[in-house]
Amino acid sequence: MKQTILRILRYCRPYRRYLVLTMLCTLLSVSLSLLVPILIGEAVDCAVSAGRVDFEGLARIAVILAISVLVSGAFQWIAGLLINRLAFGTIRDLRTELTKKLEDVPLRYIDGNARGDLIARVIPDIEIISDGLLQGFAQLFTGVVTIVGTLLFMLTINVKITILVVLMTPISLFVAAKITALSHNSFQRQAALRGELGGLTEELLGGQKIVKAFAYEARAEERFAKLNQELGAASLKATFFSSMSNPSTRFVNGLIYAAVGTVGALGTIGVLPWVGAMSVGRLASFLSYSNQYTKPFNEISGVVAELQNAVSCAQRVFEVLDTPSEPDDSYMEAVSDCRGELEFCDVHFSYVPEKPLIRNFSMKAKAGQRIAIVGPTGCGKSTIINLLLRFYEIERGSITLDGTSTATLTRDSLRSQFGMVLQETWIFTGTVAENIAYGKPDASREEIEAAAKAAYAHGFIKRLPEGYDTVISDSSGLSQGQKQLLCIARIMLTSPPMLILDEATSSIDIRTEQRIQKAFEKLMQGRTSFVIAHRLSTIRSADHILVMRDGNIIEQGDHAALMAQDGFYANLYRSQFEN
């Protein structure tokens, strides 16, 4: 916990001027507020009995008291404004760094964590850290200054009763420390469950059609209710322990106040001579200081819940920040153009070490060839694409591009040589033109429209309310096929040296698919292309077909040669067209 707090404070360094000014304003505000008990005591002494009231003295004290309170309040307001700037600036930087980190971590990390949990760390967890910073900085420093100031003033009034107050203080600290220890684990559990619940919610909402199609609503509600119940129990436990802190310390501080009042009163009337004589006004001042002295302990204990929650959330955020980024490859060679000759040599890879997937994989694609990859689900077809683009790093072996190992090339330059259309579409919030020009943001409108026409998307785009300037999103009502056409138009626009088509026409009607296939035929001329398809009719014209099963190539050749072998491919092909 201590290391986490220190690490948060390091993010405050750029805004330390706000911290210094906050401390100065707080010091002035607390100093002026500490004059109030002295003035009240003097006012009491100005009216100790009937007929002996010093009205002129009371009027003077009232004016000074009013000015002190107003000026103290003004400094307190300024301190609050400054601490807001400190906290929100710090949180902005932390969120920016976290977002950048999520762009730098390997894809393996993103795939291995629930999207909802990652979103929870970026948004609500950081908001909770912000609340904790606001509470912590403002009240902790104010509390420390108040405690030190009141002790000094109490010592000037009566040393012996001050010692009594100090001796009873550890009781309050002991109670607060015990409750803090109990609440910390509860808040950690609460933060973890909140992230897990966010992940489940994102998953269920994102797949709502699947949930309804398989009548999974009741089981989804049951899973959500179970997790929500666990979160509720953890939150209740955390809140219970944190809420015990304030009343417990208030009770102890009440005992301290009662003891001080009793001992001071008995000393004032002479029953306890060792205490020392005090006027009624000075006793009133001392009691006020005693109350101010114990009040920060109540406030600090009340902030404990926010601090514990903030620390728990900060630990989750720092877990992401501490995740190793993809190794820096800026010093590597950048490829600007290529022939497109690719070779896999004895490649080994697995997503999970204990579950081998690809072993001893070797193949060679000559420049300009069309390589089709077929095989049953889970055999490693899409994994080959992940390895080509270095979304995942191979465990052993090598992959070369034009004779150069891809491991020695920068990832960005390597990926820029490929154009990829996946089975799953991705549309971001923006205009149609911006979506098409995602890979080439400086493209002219004429280039964008030409790419859309080549992808047979121009027709439906012109029917949209604002045409190419229509703002769309993933949930804007476009059909899956229309979204796929926009994704294909992106590739038509960038015209890369190599192509990857992973079931690129799976969501398109037969007539449009035939047109797209013609467009792809033209686009693939002279380009090395990798085509993953389940409909084998789309790959009969491929120069080379790789048949995969269990991460290995079991057959390879063109369509005619594979049919002549009468093996796995031939059986797969006949199962689609002869049954």
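Helices (H or I, at least four residues) and strands (E, at least two) are DSSP runs, numbered from the N terminus. With that in hand, you can find Leu388 in helix H11, which covers residues 381-388. The structure is a predicted model, in which local features need pLDDT of at least 70, side-chain atom pairs count only at pLDDT 80 or more, and totals for chains, interfaces and linings use all residues. Residues are numbered from 1 along each chain as its sequence is written, and side-chain values use heavy atoms, with hydrogens and water left out.

**Helix H16 and its partners**

- Let's begin with helix H16 (residues 480-494) and helix H17 (residues 510-523), whose axes come within 12 Å and cross at roughly 15°. Here, axes are lines fitted to C-alpha atoms, for helices over the stretch in contact, and angles run from 0 to 180 degrees between N-to-C directions.
- H16 and H17 are therefore roughly parallel to each other. Angles under 35 degrees count as roughly parallel, over 145 as roughly antiparallel, 65 to 115 as roughly perpendicular and the rest as oblique.
- The crossing of H16 past H17 is left-handed. A crossing gets that name if the near helix is turned anticlockwise from the far one by less than a right angle, and is right-handed if clockwise.
- On the H16 side, Leu485, Ile488, Ile491 and Met492 make the contact, while H17 brings Thr512, Ile516, Ala519, Phe520 and Leu523. Contact means heavy atoms within 4.5 Å.
- Sorted by class, this contact of H16 with H17 has eight nonpolar residues, one polar residue and no charged ones. For these classes, Ala, Val, Leu, Ile, Met, Phe, Trp, Tyr, Cys and Pro count as nonpolar, Asp, Glu, Lys and Arg as charged, and the others, Gly among them, as polar.
- H16 also packs with helix H14 (residues 445-454), at an angle of about 125° and with the axes 8 Å apart. That makes H14 oblique to H16.
- The crossing of H14 and H16 is right-handed. Glu447, Ile448, Ala451, Ala452 and Ala454 of H14 meet Ala489, Met492 and Leu493 of H16.
- By class, the H14 contact with H16 has seven nonpolar residues, no polar ones and one charged one.

**Nonpolar cores**

- Which residues touch the most other members of the largest nonpolar core? They are Ile436, Ile461 and Leu486, out of the 44 residues in that core. A nonpolar core is a set of buried Ala, Val, Leu, Ile, Met, Phe, Trp, Tyr and Cys residues joined through side-chain atoms within 4.5 Å.
- H16 supplies the largest share of this core, seven residues.
- Leaving aside residues up to four places away in sequence, Ile436 touches Ile448, Ala452, Ile461, Tyr468, Leu486, Ala489, Arg490 and Leu493.
- A second, separate core has 32 residues, including Tyr15, Leu94, Ile110 and Val317.

**Buried places**

- Leu388 is buried, with a relative accessible area of 1%. Buried means under 20% relative accessible area, exposed over 50%, and partly exposed in between (1.4 Å probe, protein chains only).
- Not counting residues up to four places away in sequence, Leu388 touches Leu342, Phe344, Ile399, Leu414, Phe418 and Phe530.
- Helix H5 (residues 115-122) is mostly covered, as six of its eight residues are buried. These are Gly116, Asp117, Leu118, Ala120, Arg121 and Val122.
- Look for Ser350 in the loop between strand S1 (342-349) and strand S2 (358-365). Ser350 is buried, with a relative accessible area of 2%.
- Ser350 touches Arg108, Lys355, Pro356, Leu357, Arg359 and Glu395, again not counting residues up to four places away in sequence.

**Positive phi values**

- Asn360 is found in strand S2, and its phi is near 55°, a positive value in a residue other than glycine. Is Asn360 buried or partly exposed? Asn360 is partly exposed, with a relative accessible area of 49%.
- Arg390 sits in the loop between H11 and strand S4 (396-401). Its phi is near 60°, also a positive value in a residue other than glycine, and Arg390 is buried, with a relative accessible area of 5%.

**Distances in sequence and space**

- Asp131 lies in helix H6 (residues 124-157) and is partly exposed, with a relative accessible area of 39%. The C-alpha atoms of Asp131 and Asn309 are separated by 9.4 Å, with the two residues 178 residues apart along the chain.
- Leu388 and Ser473 are 85 residues apart in sequence and 29 Å apart in space, C-alpha to C-alpha.
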